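Grab a pencil and work through these exercises with the structure open beside you. Try each task before you read its solution.

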Amino acid sequence: MSGAPVRTLLLWCPDWPVLAAEIVDGVPATDPVAVLHANRVVACSERARAEGVRRGLRKREAQGRCAQLAVVEYDPGRDARAFEPVVAAVEELVAGVEVVRPGACAVAARGPSRHLGGEEAAAERIVEHVAQACAVESQVGIADGVFAAGLAARDGRVVPPGGSPGFLAGLPVEALGRPALADLLRRLGVRTLGDFAGLPAGDVLARFGFDGALAHRLAAGRDHRPLAVRRPPADLAVTAEHDEPLDRVDAAAFAARALAERLHDRLAAHGLACTRLGIEAVTAHGQELHRVWRHDGLLTAAAIADRVRWQLDGWLSGSTGRGGARPTRPTAGIIRLRLIPDGVIARGGLQPGLWGETGEERERAHRALSRVQGILGPEAVVTAVLGGGRSPADQVRLVPWGDERRPTRPGAPPWPGRLPPPAPAVVLPEPLAATVHDAAGEPVAVSARLQVSAAPARLAVGAARPAEITGWAGPWPVDERWWAPAEARRRARFQVCLADGTALLLAVEAGRWLVEAIYD
């Protein structure tokens with residue numbers, strides 16, 4: 001296969017996680033907004049950037065720079081669902097669209113440039129159509145290869161044929177999108193993609209491994225996919241037929257997990273890994289749906305299942321996006337689902353872990369839990385997800401294994417009356433009755449105006465011997481559902497430290513003291 005990169009047209013929507021939060025959750029993208037993952041900013045709105053918020057900042061530092069900052073948790077499923085109408089709008093003009101990631105999609109530039117009057121005319125036409133159909137601003141970059149086209153899209157630039165290496169040479173190594181590798185390269189004195197591309201390929205592979213070798217090819221303007229990807233055998237695709245049409249996202253996602261496992265196992269048996277995934281679905285009314293997902297690295301079984309779930313969610317939810325954009329929900333449920341490894345590479349370059357294949361234990365655990373669900377049902381295996389609520393017991397909910405671990409109120413501000421951090425380590429399923437006395441041995445009471453009768457001095461839990469209280473904080477009032485007398489609940493909470501080092505969360509309600517949780 002020829003090593004020449006394919007002339008690629010890539011459409012990019014700036015700040016897509018922020019825009020997706022507006023489309024799905026109604027968070028205004030015109031306000032200062034930051035999307036956080038692992039307590040760090042991964043995307044922010046234009047107004048937030050004007051206040052000094054940048055990617056990579058911790059939450060507290062970002063809020064310190066912008067007091068009005070609205071914080072939204074990163075949700076790749078939400079981003080994918082919101083992006084589906086944009087991809088559908090692009091498909092109305094060109095064929096063969098591939099989703100690189102939510103917020104970016106690519107297509108071979110040859111076709112659009114021929115029937116839309118040239119590359120620049122095609123770029124302008126696609127941007128205008130997306131704006132009219134979806135009310136979404138976008139930019140298009142055209143270059144040799146997906147990687148170079150993605151960077152060109154940041155400036156809305158058309159790189160001349162053969163000019164990708166020169167275009168990439170002056171960009172910083174951070175443009176690779178691999179923070180750990182970029183940090184190591186800078187410490188070694190390699191600061192630009194041109195410097196990195198000038199290193200011997202063999203030395204790069206030996207020092208940085210397989211992923212570093214892929215990044216080295218990208219930096220040199222040589223997209224690795226046309227060289228490494230081959231057409232897979234026809235029997236690698238997997239198909240599932242369903243007698244009962246799947247019209248709910250949760251049921252379709254559960255079926256897709258097993259299909260993703262089959263595809264991953266089949267590829268592994270051939271010594272292959274997937275880099276580009278085709279998802280096909282047929283409804284009970286004969287409607288055919290198709291989408292291609294592209295990934296820079298290797299798609300694991302979990303990553304395949306995630307992309308299939310996101311795509312099914314986008315199809316079955318029938319989200320209209322902004323401005324009434326298509327697509328609409330299919331008229332019938334899905335009766336056939338097919339996964340096609342549209343791009344594969346040999347796994348020979350992957351380095352195994354010290355005691356076996358990388359991630360082998362995790363994959364084995366995932367398969368085992370999926371089998372349990374297959375026997376006992378999806379609700380048989382659950383994991384905890386943090387959500388909204390004022391008390392620790394209300395802030396955790398259980399979701400089936402493999403389902404989206406989405407917070408109850410993604411992007412919402414903190415609950416009023418919520419406990420300050422740190423969170424307790426153990427939340428008791430049933431609060432324990434307790435008594436609290438002051439230094440004179442009198443019971444401690446809390447008035448309706450939250451006045452404490454005396455400083456708490458001793459605590460007794462159940463029939464246990466009293467323990468000395470060495471420190472306490474509170475009270476924090478909680479007045480819930482006051483508008484519904486039958487459901488109203490009013491209580492006050494305290495944090496106390498005992499002489500033996502134990503820290504507890506107490507609550508007093510209707511004159512009764514309760515132990516709700518234990519701090520580590």
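**Exercise 1: the cavities**

The structure holds three cavities of 30 Å³ or more. Before going on, note that this is a predicted model, where local features need pLDDT of at least 70, side-chain atom pairs count only at pLDDT 80 or more, and totals for chains, interfaces and linings use all residues. Residues are numbered from 1 along each chain as its sequence is written, and side-chain values use heavy atoms, with hydrogens and water left out.

*Task.* Find out which residues line the largest cavity, and which helix gives the most to the lining.

*Solution.*
1. Start with the term: on a 1 Å grid over the protein atoms alone, a cavity is a set of points where a 1.4 Å probe fits but cannot get out, and lining residues have an atom within 4 Å of a point. Grid points are joined across faces, edges and corners, and the volume is the space filled by probe spheres set on the points.
2. For the largest cavity, that volume is about 50 Å³.
3. Its lining is made of Ala 80, Phe 83, Glu 84, Val 87, Val 99, Pro 102, Trp 293, Trp 310, Gln 311 and Gly 314.
4. Sort them: seven are nonpolar, two polar and one charged. Here Ala, Val, Leu, Ile, Met, Phe, Trp, Tyr, Cys and Pro count as nonpolar, Asp, Glu, Lys and Arg as charged, and the others, Gly among them, as polar.
5. Now the helices (DSSP runs of H or I, at least four residues; strands are runs of E, at least two; both are numbered from the N terminus). α4 (76–91) and α14 (301–317) each supply at least two lining residues, and α4 gives the most, with four.

**Exercise 2: two salt bridges**

*Task.* Take the salt bridges of Asp 313 with Arg 81 and of Arg 47 with Asp 31. Are the residues in each pair buried or partly exposed?

*Solution.*
1. A salt bridge puts a side-chain nitrogen of Lys or Arg within 4 Å of a carboxyl oxygen of Asp or Glu. The whole structure has 20 of them.
2. Asp 313 and Arg 81 meet at 2.9 Å, N to O. This pair links distant parts of the chain, since Asp 313 sits in α14 and Arg 81 in α4, 232 residues apart.
3. Check the cover: buried means under 20% relative accessible area, exposed over 50%, and partly exposed in between (1.4 Å probe, protein chains only). Asp 313 is buried at 9%, and Arg 81 is buried at 7%.
4. In the other pair, the closest N and O atoms of Arg 47 and Asp 31 are 3.8 Å apart. Arg 47 lies in α2 (residues 46–50) and Asp 31 in the loop between α1 (16–25) and β2 (33–37), so the bridge ties together parts 16 residues apart in sequence.
5. Arg 47 is partly exposed, at 47%, and Asp 31 is partly exposed too, at 31%.

**Exercise 3: helix α1**

*Task.* How many residues of α1 are buried, and what covers them?

*Solution.*
1. Count first: eight of the 10 residues of α1 are buried, so the helix is largely enclosed by the rest of the structure.
2. Name them: Trp 16, Pro 17, Val 18, Leu 19, Ala 20, Ala 21, Glu 22 and Ile 23.
3. Look for the cover through contacts (heavy atoms within 4.5 Å). The cover includes β2, β3 (40–44), β4 (70–73) and α4.
4. Finish past the end of the helix: α1 is followed by Gly 26, whose phi is positive, near 80°.

Technical notes
On a 1 Å grid over the protein atoms alone, a cavity is a set of points where a 1.4 Å probe fits but cannot get out, and a pocket is an open set with protein on both sides within 12 Å along at least five of seven lines; lining residues have an atom within 4 Å of a point.
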